[in-house]
Amino acid sequence: MKLSIIIPVYRVAETLRRCLDSVIGQSYQDWEIVLVNDASPDNSDEICKEYTQKDSRIRYVEFTVNRGLSAARNAGIREASGEYITFIEIGKHTSELQSR
């Protein structure tokens, strides 16, 4: 049962690595991550590209203009190939992923 994890990316460079490392480190491994960069002005794009090189289960979609959270989620859904889809919102509470 493959899980698609859609992660909208916008101004999250400070916490993106921690989030991705947390997902990669989980015991359940039948997943894919779809990173959707909503034209983030920070260096999130570099981090996304770095992780797509590290793990073939991570895919990357990049918008050239900011389209908003809903558009990013919908783009992720279109790219998803899993039986189930979930979302991770990176923000002030993402550090809780580390403790799980």
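How many of the seven residues of β2 are buried? Seven of the seven are, so strand β2 is largely enclosed by the rest of the structure. Here, buried means under 20% relative accessible area, exposed means over 50%, and partly exposed covers what lies in between, with a 1.4 Å probe and protein chains only. The model is predicted, so local features need pLDDT of at least 70 and side-chain atom pairs count only at pLDDT 80 or more, while totals for chains, interfaces and linings use all residues. Residues are numbered from 1 along each chain as its sequence is written, and side-chain values use heavy atoms, with hydrogens and water left out.

A closer look at β2 shows how its residues are arranged. W31, I33, L35 and N37 point one way from the strand, E32, V34 and V36 point the other way, and all are buried. Helices (H or I, at least four residues) and strands (E, at least two) are DSSP runs, numbered from the N terminus. β2 runs parallel to β1, and seven bridges join them; two strands pair if DSSP finds at least two bridges between them. Within this pairing, S4 has E32 of β2 as its bridge partner.

Helix α2 (residues 44-54) comes next. Its buried residues are S44, D45, I47, C48 and Y51. Seen down the axis of α2, these buried residues fall within an arc of 160 degrees, so they line one face of the helix; the arc is that of the directions from the helix axis to the C-beta atoms. E46 and Q53, on the other side of α2, are exposed. The cover over the buried residues includes β1 (3-9), α1 (13-24), β2 (31-37) and β3 (58-62), where contact means heavy atoms within 4.5 Å.

Charged pairs form the next topic. Side chains of opposite charge can pair when their charged atoms come close. A salt bridge is taken as a side-chain nitrogen of Lys or Arg within 4 Å of a carboxyl oxygen of Asp or Glu, and a search of the whole structure finds seven of them. One joins K54 to E50, with the closest N and O atoms 3.2 Å apart. Both residues lie in helix α2, four residues apart, about one turn of the helix. K54 counts as exposed at 55% relative accessibility, whereas E50, at 26%, counts as partly exposed.

Another salt bridge brings together the side chains of R57 and D55 (2.7 Å, N to O). R57 is partly exposed, with a relative accessible area of 23%, while D55 is buried, at 12%. E89 and R73 also form a salt bridge, their closest N and O atoms being 2.7 Å apart. E89 lies in the segment after β4 and R73 in helix α3 (residues 69-79), so the pair ties together parts that are 16 residues apart in sequence. Both partners are partly exposed: E89 has a relative accessibility of 40% and R73 one of 28%.

Y84 is in strand β4 (residues 84-87) and, at 46% relative accessibility, counts as partly exposed.
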